[in-house]
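I opened this entry to record what I looked up in the model, item by item.

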Amino acid sequence: MGNINSSLLYFFKQEEYTVQISVRTCNSFNQTSLQDYVSIRKVIITIQYQKMHIFLDEEEQLHLQALEREAKELFQQLQDSQVRMTQHLERMKDMYRELRETCHMPDVELLQDVRNVSARADLAQMQKPQPVYPELTSWRITGVLDMLNNFRVDNALSTEMTPCYISLSEDVRRVIFGDDHRSAPMDPQGVESFAVWGAQVFTSGRHYWEVDVTHSSTWILGVCQDSRTADTNIVIDSDETFLLISSKRSNHYSLSTNSPPLIQHVQRPLGRVGVFLDYDNGSVSFFDVSKGSLIYGFPPSSFSSPLRPFFCFGCT
């Protein structure tokens, strides 16, 4: 019995000693080490953010310099193309004059000369210079998608689709909804389409969502005033909408934005397009998700009405 009591007494003394050491260690750590570590941690974090600022500044300068070089090359290509087009036009005029002169020739000479001119015309048509469509590179902006995903809105668009018609005539570009689009005057650039409205309305804050345009080449996406959802048509180039548009002109697909209409000379996104709405600061921006690059950002304005996401895609 005495041995057991001695063992228990020894055990409790050991435990007491261990607890005392732990308490002194905790007190010492709480008072000095933790505070020192927090201070060091703050400095390290600040330095890393400063490095990121420096890195992004350097990336920005490289981006702008590359843009300048690329623009000069494109300007030269456009000038060369204009020269080739002018030369081609002069050759065609010469052939036209020759054909007019041959009208007064005897039949045998006329037949031979027409054959010669026709052969030259065929050759000229084969050598016809192709138009240049200037397209600038969209450079990746480091970390931009990580930042935007902090404001991500899941299921931003409704699953309900409304039949519509995209009219892209030069005078008034519009989207016509519902049954009205059947009786609307059709234009050569028009496309039978479907429209999807946003599941939410935004009146403040920052919001980011993505739209998949993989299976459509003609589409419109962005935001518009919520009051427009009750209308039978939307005028694309009105002040109430902020849209990115993919359309086909002269067998060439291009990007444009509205208000005012502006051609975007960058590659058309083939996958997902990111839309970032900063309501409080009055800005709407579009991003090519696969590249992590900026497509376009509207100049800051002032929003006073609720805004709703909008997506219209063609059946082509």
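**Entry 1: the second largest pocket**

I started with the lining of the second largest pocket, where α1 gives the most, with six residues. The model is predicted, and I read every entry below with that in mind.

I looked up the size of this pocket next and found a volume of about 380 Å³. The lining counts 18 residues, and those closest to the pocket centre are Leu67, Leu136, His265, Val266 and Ile295. I then asked which elements give two or more residues to the lining. They are α1 (2-102), β9 (262-264) and β12.

I sorted the lining by residue class: 13 are nonpolar, five are polar and none is charged.

I went through the pairs in sheet order.

- β4 (residues 206-212) pairs with β10 in the antiparallel sense over seven bridges. In this pair I found Asp212 opposite Arg272 of β10.
- β10 and β11 (residues 283-288) run antiparallel and are joined by six bridges. Here Leu277 stands opposite Val284 of β11.
- β11 and β12 are antiparallel too, with four bridges between them. I noted Ser285 opposite Gly297 of β12, and Phe287 with Leu294 of β12 as its bridge partner.

Is β10 largely enclosed or largely open to the outside? Of the seven residues of β10 (residues 272-278), six are buried, so the strand is largely enclosed by the rest of the structure. The cut-off behind this is a relative accessible area under 20%.

**Entry 2: the two hairpins**

I checked the turns of this sheet for positive phi. The hairpin of β10 and β11 has four residues between the strands, and Gly282 takes a positive phi near 65° there. β11 and β12 also form a hairpin with four residues between them, and in that turn Gly292 has a positive phi of about 65°.

**Entry 3: backbone exceptions**

Most residues other than glycine have a negative phi, and most peptide bonds are trans.

Which peptide bond is cis? The bond from Ser259 to Pro260 is, with omega near -5°. Pro260 lies in the loop between β8 (252-257) and β9, and Ser259 has its place in the loop between β8 and β9 as well. Ser259 also has a positive phi, of about 50°, although it is not a glycine. I put its relative accessible area down as 22%, which makes Ser259 partly exposed.

I listed Asn155 as another non-glycine residue with a positive phi, here of about 55°. Asn155 sits in the loop between α3 (144-148) and β1 (157-168). At a relative accessible area of 66%, Asn155 is exposed; the cut-off is over 50%.

**Entry 4: two distances**

I looked up two C-alpha distances to finish. Leu262 lies in strand β9 and, at 39% relative accessibility, counts as partly exposed. From Leu262 to Ile245 I noted 17 residues in sequence and 10.0 Å in space, C-alpha to C-alpha.

Met147 is found in helix α3 and is partly exposed, with a relative accessible area of 38%. How far apart are Met147 and Tyr208 in sequence and in space? They are 61 residues apart in sequence and 9.9 Å apart in space, again C-alpha to C-alpha.

Technical notes:
Residues numbered from 1 in each chain as written. Predicted model: local features only at pLDDT ≥ 70, side-chain atom pairs only at ≥ 80, totals over all residues. Heavy atoms only, no water. Buried < 20%, exposed > 50% of the residue type's maximum accessible area, 1.4 Å probe, protein only. Pairing = 2+ DSSP bridges. 1 Å grid on protein atoms, 1.4 Å probe; cavity = no way out; pocket = protein on both sides within 12 Å on 5 of 7 lines; lining within 4 Å. Points joined across faces, edges and corners; volume = space filled by probe spheres on them. Nonpolar A, V, L, I, M, F, W, Y, C, P; charged D, E, K, R; others polar.
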